[in-house]
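Have a look at the sequence and the model first, and then we can walk through the details together.

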Amino acid sequence: MKVVTYNIRFGLGLDHKIDLRRITDTIRDADIIALQEVERFWRRSEQTDQPEQIGELLPDHFWTYFPTLDLDASTIHHKGKVKNRRRQLGVMVLSKWPILSSRCLLLPQMPTFSVTGIPTGALECVINMPSTPLRVYCIHLSSASVAERLAQVETLKKMHEMIERCGRAVTTDTAQSHLSEAENSALMDWDNGEKPIPVPDHTLLLGDFNFTDESAEYIRLLGEPDPSYGYGVNQGSFVDSWLVAKQSSKDSSTWWPDPPGRQPGQPLRIDYCFVNTELASSILQAWVDIDAEGSDHRPYWLELDLEQ
């Protein structure tokens, strides 16, 4: 199975042209795709619906989208008729297997003074893989400040723990409910006549985290490494897939400043896939597609064998 995460910067490439086909051609071989900075109805991208376009360009993938920024883009036409549209920016997950459920998690935002601040978040998906159900998060953390990212990491950890405890998106057990509640639940048909959504044991955290592997945020998410055994000693914690991959590419940098003078003026590794400890042995390869030119980020790829 191949997995990729890619901050596409709304398709704005290194040649400063917007080309979504260039984006999708780069990632179409992936089984699961996590995209950040996908937008709808912005002037800079010619008022297009990018999630819909990307879905059309990858017709063999299921998809879902979560706008973390949602502003008015409506217009008034003849005789006062309103055409309702929202100017949005957010994250998107695509999968070759059905996405059984998704939950949207908005992360804390702090006021900023000298840099742009926008709301960011995570999209949690349960994917119905043939071998085992999988929980996938597509995440975009703030680029504004360490303090904001630390607060976001804490919220993300708490939300993940809450989701693990409450289980599937629709939580009901009519067999143990009060009789009247069981009758009402059956009448409402909350499951829509379908099988209950599975509760996955395995989790991937994919996305643009805007921190390096030497940062306080990285340690806060993964925990302090043990001096002898490193990260991921405790069951249920997360590890950096790059560190446990059996093979990896030479260059791990996923973001290059564009324009080149932009701070900090050097490439950084800020896009990751973190996996739960039980998945660590399944990571066969990890690599960065350094030839991709569709964004200021580069796609980060994983190959996993979930049969191990």
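Is tyrosine 272 buried or exposed? At 0% relative accessibility, tyrosine 272 counts as buried (buried is under 20% relative accessible area, exposed over 50% and partly exposed in between, with a 1.4 Å probe and protein chains only). Please keep in mind that this is a predicted model, where local features need pLDDT of at least 70, side-chain atom pairs count only at pLDDT 80 or more, and totals for chains, interfaces and linings use all residues. Residues are numbered from 1 along each chain as its sequence is written, and side-chain values use heavy atoms, leaving out hydrogens and water.

**Aromatic pairs**

- Rings of Phe, Tyr and Trp (its six-membered ring) pair if their centres lie within 6.5 Å, with planes under 30 degrees apart counted as stacked, over 60 as edge-to-face and the rest as tilted.
- The count by this rule is ten aromatic pairs.
- Phenylalanine 209 and tyrosine 272 are edge-to-face, because their ring centres are 5.9 Å apart and their planes stand at 75°.
- That pair ties together parts 63 residues apart in sequence, since phenylalanine 209 lies in the loop between β10 (202–208) and α5 (216–222) and tyrosine 272 in strand β13 (residues 271–276).
- Helices (H or I, at least four residues) and strands (E, at least two) are DSSP runs, numbered from the N terminus.
- Phenylalanine 209 also forms an edge-to-face pair with phenylalanine 274, at 5.0 Å centre to centre and 80° between the planes.
- Both phenylalanine 209 and phenylalanine 274 are buried.
- Ring pairs join Phe209, Phe211, Tyr218, Tyr272 and Phe274 into a cluster.

**Charges over a ring**

- A charge sits over a ring if NZ of Lys or CZ of Arg is within 6 Å of the ring centre and within 35 degrees of the ring normal.
- Over the face of tryptophan 42 lies arginine 44, at 4.0 Å from the ring centre.
- Arginine 87 lies over the face of tryptophan 42 too, at 4.4 Å from the ring centre.

**Helix α3**

- The buried residues of α3 include Glu148, Arg149, Leu150 and His160.
- Partners that the buried residues of α3 pack against include β7 (99–106), β8 (121–127) and β9 (134–140), with contact meaning heavy atoms within 4.5 Å.

**Cysteines**

- The structure holds zero disulfides (a disulfide is a pair of cysteine sulfur atoms within 2.5 Å).
- Cysteine 104 has its closest cysteine sulfur in cysteine 125, 8.4 Å away and too far for a bond.
- Cysteine 104 is partly exposed, with a relative accessible area of 45%, whereas cysteine 125 is buried at 0%.
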